[in-house]
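Trainee: Please take one part of this model and look at it closely. I would like a single connected account, starting from the wider layout.

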Amino acid sequence: MTLLQILVYASLIVFLTGTIVKAVKLARMPIHLRWELYPIPREKSRSLYGGSYFEEPDWRTRPRQFTFAGEIAEIIMEVLFLRALYRNNRILWYFSYPLHIGLYFSVGFICVLFVRSLAPIAVFNSEGIPTALLTKPMNIVMVSIGVIGFGLGTIGAVGLLFMRLLKADYRRYSLLSDYFNLVLLIALFASGLCAWYLADKSFTHIEEFTRSLIRFTAPADAPYLVRAELVIAAIFLFYLPFTHMTHFMGKFFNYHRVKWQTQPSIPGNEVEQQAKDALGRPLSWSASHMEAGKTWSAAAFGTGEDSGKNPE
Amino acid sequence: MNSNSRKITPSDISRPGSPLAELDSGAFLPLPPPYDKPDYEPRIRSLTKEQTANYECDLDGVSVVMLERPKTRDEKLALIGKFLSGLKKLFDRNDNWTFLQPLFLTMEYCARCQTCSNACPIFNESGGLEIYRPVYRAEILRRLYKKYVKSGGRILAKLSGSDIALTWELIARMIELSYRCTICRRCAQACPMGIDNGLVTRELRKLFSQEMGIAVKQIHELGSVRHLGKGSSTGMTPLAFKDNLEFMESETREQTGWDFKWPVDKVGADILLLHNAGEFLAWPENPEAFAIILEAAGVSYTLSSDLLGYDGVNYGVWYDDLQLARVAIKHAQIARKLGVKKIVIGECGHAHKALAVIADRILTGNLNIPRESCLTLLNGIIKEGRLKLDPARNADFHVTLHDPCNIVRMMGIVRPQREILKAVCPNFREMTPRGVENFCCGGGSGFAIAPNLNFPDWRNIVAGRAKLRQILDVFHDIIGPENNKYVCAPCSNCKGQMRDLFAAYGLFEKCNILYGGLAELIANAMVDLKEPFLAWEWH
């Protein structure tokens, strides 16, 4: 096993572990008080104008008119087109959109590499040599996806870096880490683009390296630029889980657990049970009206009870 | 705007000395006619030397919290220590289970893309004063969180360039800054990530209240504390409520010619109607209109004279989770005692959000009673034809609708009030933007009840400016005093703001614009009433 392979394996492990740990941490946070924000796409036709089930008298006794299709459609529009940014901050969208599309294509490129590396079962002959019929179109697809991804990603990241540098209201709030993130993204995409153009026109070397990772075999020698590209990709994966660039995850929780979370507490349902449990948590706020040392329930009811349950 | 005010950065908040930013009325966005002329606008008064010497006002020369300046270094150090302990509690699973997840997400995932700035009426109307930028206060809290709460934060803060000096000046300014945002949450609505800078405002207020015991006096001491102690934040006791009720009851008897009594403490009624007690004192015509409508429609309901049962406000929603929970629990306990099927919340936006939405995960067990809006009840009554209405009775004036943020953007009640207005007001016209994209009245999150020092000037001229512009724009073709115009604001807090805003700008005198509730317009259209319910002199 080469040093480069170890680096890439380690980066993948750190990325996956870091991302999963973060997701689990977010998922395991206690239930919070409701803090929704309309419009909410789950609200069937009402979502068109921002309405909710609160518009109906006796809504608890009526069947709830929810649609997951609306929610999924909204997510698709948001993921594919960054619609909220398009509507509310068009200038930024012109750069953020290519960056994100570049990322999607780059992930797609990795998926194609992965599939091709597993492909011997399906499209490789017994010697492990790709069959000509399938190799050519797959090559075209893979190269196209890769080049488009690296190209758009570079354009977007460079544009965002310039916006941060040139616009005063961005610059005033930008941290060194914000610039570092963008420089790293530029390095990631641009190195991919350079490696392709100068040393790996059909992505053969990177494909062979991927195959070696999957098959646990020694990789063939790759050109310097390809190795540089792999090192940068590994650094990016090491770093990613510890930055706000994991906002794909944050956005999921922000939308599904906060903005769009309207599941009511109905006697006996799961939400009510979780709320009861949360009310049993102790508080230690020290202002005089806070009754530190009691549970939330006892302090709120003024009963001195410490059960976390509402007195019946 | 003062050019230095434009260059303010988050780290400047720590610096000692004079106000961080100066308010320059010349930089505020211009208003439409007739307020486009010089000297037609009121001015923000400066604090006196004595006030400046006594109270912390080094943010923008305005003070609402009226926080006395600490006199010694030890006092300052003790307050800094309390702030730090409160900061840590904001991110604790037990101390802040109530909002930990939304706050954590907001702290971790902001890209500082400034999309929220375009959505904030206060920032925009001030001419882009940096300290009012939604991300400004959020970024300061974020830097403090990363430095003092996250492990290894002090080193990482230096490495990432996010270091910030925690000084008393920072804390004093943040206390005031947490009352320069109405928590309208337009910023959160615009944010592609769902980052909520309105929540940051509320969490900061919580830290100050729950740990340091610092809050605007009218919101805490004369607000939720008085509410829980005396029964109403207005100071109205149950006995005083009954006196007021008798007066209002006799008025409605006169108006209708009916011999009827308002139902009070009626056990077994279907509905407990919970008004904001401010209505009884400032706008009694609103509960009177409700009493007439519900009587005519034959609705089984009751009011309560129990402690807290006649005041549906819940100021905790603006600044303190425990006070919020205490008030909500009392309301639910009263409903349970009366054995009603549901609570219906009167025309009060924050009471809607507090009881129907936020308290949903506080009122468990036998307190988990259905809670609904009066707007759906009123709309249902009209749709079912339970009232004899003649819209022509509302034809001699033009009506527009102000959407209270708490009812619309935070609850999704958009259509019922519009259906009512379309049914009873032939000359109804909509503002832009409206519905869930509305602008706050400028009095949200407790602003309307805080008359301290020069804060009302700031509230009217800066916070209420977007709403004032909307009102002038929607009536632009009939702006002269020869046309009667009515801004329907189905929220006590919004009406409180409009009362002050209209008075400050002389809106009634110059443009003949009146504000009022929704129920009044329904009552005015009722053919059962011989005389018009609305009196234009109410202003």
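**From domains to a helix pair**

Mentor: In this predicted model, the C-alpha centres of domain 1 and domain 2 of chain A lie 50 Å apart. Domain 1 covers 88-237, and domain 2 covers 270-301.

Now the helix pair. Helix H4 of chain A spans residues 90-118, and helix H9 of chain A spans residues 204-215. They pack at an angle of about 65°. Their axes are 9 Å apart. The crossing of H4(A) and H9(A) is right-handed. On the H4(A) side, the contact uses Leu113(A), Phe114(A), Arg116(A), Ser117(A) and Leu118(A). Facing them in H9(A) are Ile206(A), Glu207(A), Thr210(A), Arg211(A) and Ile214(A). By class, the residues of this contact are five nonpolar, two polar and three charged.

Next, the partner chain. Chain B puts 72 residues in contact with 71 residues of chain A. Helix H4 of chain B, residues 100-109, gives the largest share of the chain B side, with seven residues. That side divides into 33 nonpolar, 25 polar and 14 charged residues.

Last, the core. The largest nonpolar core has 245 residues. Ile293(B), Ala328(B) and Ile522(B) have the most contacts inside it. Helix H17 of chain B, residues 321-338, supplies the largest share of this core, ten residues. Take Ile293(B) on its own. Leaving aside neighbours within four places in sequence, Ile293(B) is in contact with Leu378(B), Ile381(B) and Leu387(B), and also with Ala519(B), Ile522(B) and Ala523(B).

Methods
Residues numbered from 1 in each chain as written. Chains lettered and ligands numbered in written order. Predicted model: local features only at pLDDT ≥ 70, side-chain atom pairs only at ≥ 80, totals over all residues. Axes fitted to C-alpha atoms, helices over the stretch in contact; angles between N-to-C directions. Helix = DSSP H or I, 4+ residues; strand = E, 2+ residues; numbered from the N terminus. Left-handed = near helix turned anticlockwise from the far one by under 90°. Contact = placed C-beta atoms within 7 Å. Nonpolar A, V, L, I, M, F, W, Y, C, P; charged D, E, K, R; others polar. Domains from an automatic or database assignment. Core = buried A, V, L, I, M, F, W, Y, C linked by C-beta atoms within 7 Å. Buried ≥ 20, exposed ≤ 12 C-beta atoms within 10 Å, placed from the backbone.
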